[in-house]
Each structure stands twice: as structure tokens, then as C-alpha cells.
Amino acid sequence: MKLLIVDDSNIMRRAIEKYASPLGLELVGTAGNGQDALSILQEKKPDLVTLDITMPLMDGLTCLKEMMRLRPQTKVIVISALSDQSTGLKALKLGARSFLPKPFTEKQLMDEIKLVTGELL
Amino acid sequence: MTEKDLSYFVNTVIQYFKQVDGEEAVMGLPYIKREDPVVLEYTGIIGISGPRRGGIYFTAGKELLVKLTQAILGESESDVETLQDMVGELTNTVAGNVRKYFGSDFMISVPMLIRGQPEDILLKLKPPVFVVPLTWKQQKAYLVVGLE
């Protein structure tokens, strides 16, 4: 299963990569903004995307909407500090499979990935 | 900004360190910022727009950020880019997390990062500006909040 990690923080990209590595996902790209994420999405066709919201150039919710238009089968986990209910609901309405608030633990991320992928890794 | 508003930020910072490392930050007594600058080596600033305009910043020294990076990545790094990224992510997370109290129209910017100790940071903050001192793993830091 191919993974794309999108977050404007290099530390968070590395943390997500590290925490998810025991699950055997194939990391096909990382991006620091929504525009770069869409380019990688079209080129690498990831099965799973972790997507931050507050990012420069193109925010995560705008990016999510475009991802669902381009590849609606992509499983997206939104991982954001914006922990109010309406942001989470908006992400789910736009097509995200789940919403994980920051800060998160390794176990929380692994559980979320397992839930979204049905552990079919 | 009310005392209750400030308590949302304090609780959020306590929860942040607890969640990331298991060790809570010890919060000091908040005070209203006067003329003395409150700036340590690395600072992340977030602008707030919407009904509550203003800004927040989190400022910390190198040691605290190295320890925090180690808690997240399991490796201690001290290059400038990593520590700037760390303080920006922390500030972004605190500002984003308080939306569960202030609502989704509490709009936050991407973090602006400052290294070094400028004379002071006044940009975006709306008086009265509250300073919340904190200590984590024997290292000092400050959360500074100024909202309408």
C-alpha cells in the first residue's frame, strides 16, 4: 500500500513516517503544501494520504477537495491541530476517511491507519 | 481577553506536553506584559483573525526544543532548521487546539519563525498581552497571548 505524507512541518512528516513504518507501507512521497501534494498524487497514485490542514500555498481542505475529484478512491486521514468538531466534520464531508487531532502518539496514528485501511497492508 | 480565555491556552499547553512526552509542563503565574521583552532563542508566532483578532507566540531556548524533538522523533537533533520547525509546530498546535474552545471562526495563520532575540515582538498582539511562564524538564519557555 502506497503512502503520501503531507504536512508543512518536516518534524511531523518524519514522525508520521517513523510511526507508520512498522505497518509496512511504501512511502511514495512527502509534501509540505497542498500544491505539491496534488502533483505527487497524480504521479505516484498513493492509496493512503495523511494530510495536514494549515499549510502555505494551498491548505489541506482545499487540497482534499481536489484529491477527491482527481482520485476519489484515495484514503485520506486528515491530521491537524484544528481540533474543533466542525473542522473534523468538514474534512469527513469532503471525503476524508478519518480525522486525527494533533498532537498524537505513535499508537494513535497506527490505530487510525489500521482502521482506515482495514489492516489490509 | 478574559481570565477564562487565558485558561484555555494554559490547559492546552499542559495537555500538549503531557500527550507528547507524558511529562506535564509546570505553568507559572501569568502576568500582563509590560515593556520588558519576553523573547528566548526560538520563537513561533501565529496571527489570529476572525472575531478574536490578535496573535500568540511561543518562545523557548534550544535545550527545551532539543528535548521535545527527541520526545517526538526519538533522536536528539539541534540544527537550526529542526528547532525552528519544532517551535513553529508547537505554536501551531496550541493555536489550533484552542479552537475547540473558541470555535472554527478562530482563524490561525501558518507560523512565522524567528531565531535569536529581537528587541521585542509586538506584531499582531492585541493588548493587554498576557505572558504565561512555564517549565518543562527544567527548561523555561513562555506562551504570550494578545487577543481582542
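Which residues in H1(A) meet Thr69(B), Ile72(B) and Leu73(B) in H2(B)? In this predicted model, the residues on the H1(A) side are Ile11(A), Arg14(A), Ala15(A) and Lys18(A).

The contact between the chains draws on 21 residues from chain B and 21 residues from chain A. H3(B) gives the most, with nine residues. The side of chain B that touches chain A holds seven nonpolar, 10 polar and four charged residues.

The fold of chain B was examined next. Chain B has four helices and eight strands. Along the sequence, these elements follow the pattern α-β-β-β-β-α-α-α-β-β-β-β. The radius of gyration of chain B is 14 Å, close to the 15 Å that the globule rule gives for 148 residues, so chain B is as compact as a globular protein of that length. Its C-alpha atoms fill a box of roughly 40 × 30 × 30 Å along the principal axes. Of the 148 residues in chain B, 39% are buried. Among the chain B contacts with a separation of 6 or more, 68% join residues 24 or more positions apart.

In soluble globular proteins, nonpolar side chains tend to be buried together. Here the largest nonpolar core has 73 residues. Leu64(A), Val78(A) and Leu143(B) touch the most other members of that core. Leaving aside residues up to four places away in sequence, Leu143(B) touches Phe9(B), Val13(B), Ile56(B), Phe58(B), Val132(B) and Leu134(B).

Gly146(B) sits in strand E8 of chain B, which covers residues 139-147. Gly146(B) counts as buried because it has 23 C-beta neighbours inside 10 Å. With residues up to four places away in sequence set aside, Gly146(B) touches Gly54(B), Gly55(B), Leu125(B), Lys126(B), Pro127(B) and Val129(B). Met1(B) is 145 residues from Gly146(B) along the chain, yet their C-alpha atoms are separated by 7.7 Å.

Some backbone angles also stand out. Most residues other than glycine have a negative phi, and most peptide bonds are trans. A cis peptide bond joins Pro127(B) and Pro128(B), with omega about 0°. Pro128(B) lies in the loop between strand E6 (112-115) and strand E7 (130-136) of chain B. Another cis peptide bond joins Lys102(A) and Pro103(A), with omega about -5°. Pro103(A) lies in the loop between strand E5 (98-101) and helix H5 (106-117) of chain A.

Lys137(B) is not a glycine, but its phi is positive, at about 50°. The loop between E7 and E8 of chain B contains Lys137(B). Lys137(B) is partly exposed, with 14 other C-beta atoms within 10 Å. In chain A, Lys45(A) has a positive phi near 50°. Lys45(A) is in the loop between helix H2 (34-44) and strand E3 (48-51) of chain A. Lys45(A) is partly exposed, with 14 other C-beta atoms within 10 Å.

Notes: Residues numbered from 1 in each chain as written. Chains lettered and ligands numbered in written order. Predicted model: local features only at pLDDT ≥ 70, side-chain atom pairs only at ≥ 80, totals over all residues. Core = buried A, V, L, I, M, F, W, Y, C linked by C-beta atoms within 7 Å. Buried ≥ 20, exposed ≤ 12 C-beta atoms within 10 Å, placed from the backbone. Contact = placed C-beta atoms within 7 Å. Helix = DSSP H or I, 4+ residues; strand = E, 2+ residues; numbered from the N terminus. Rg over C-alpha atoms; globule rule 2.2 N^0.38 Å. Nonpolar A, V, L, I, M, F, W, Y, C, P; charged D, E, K, R; others polar.
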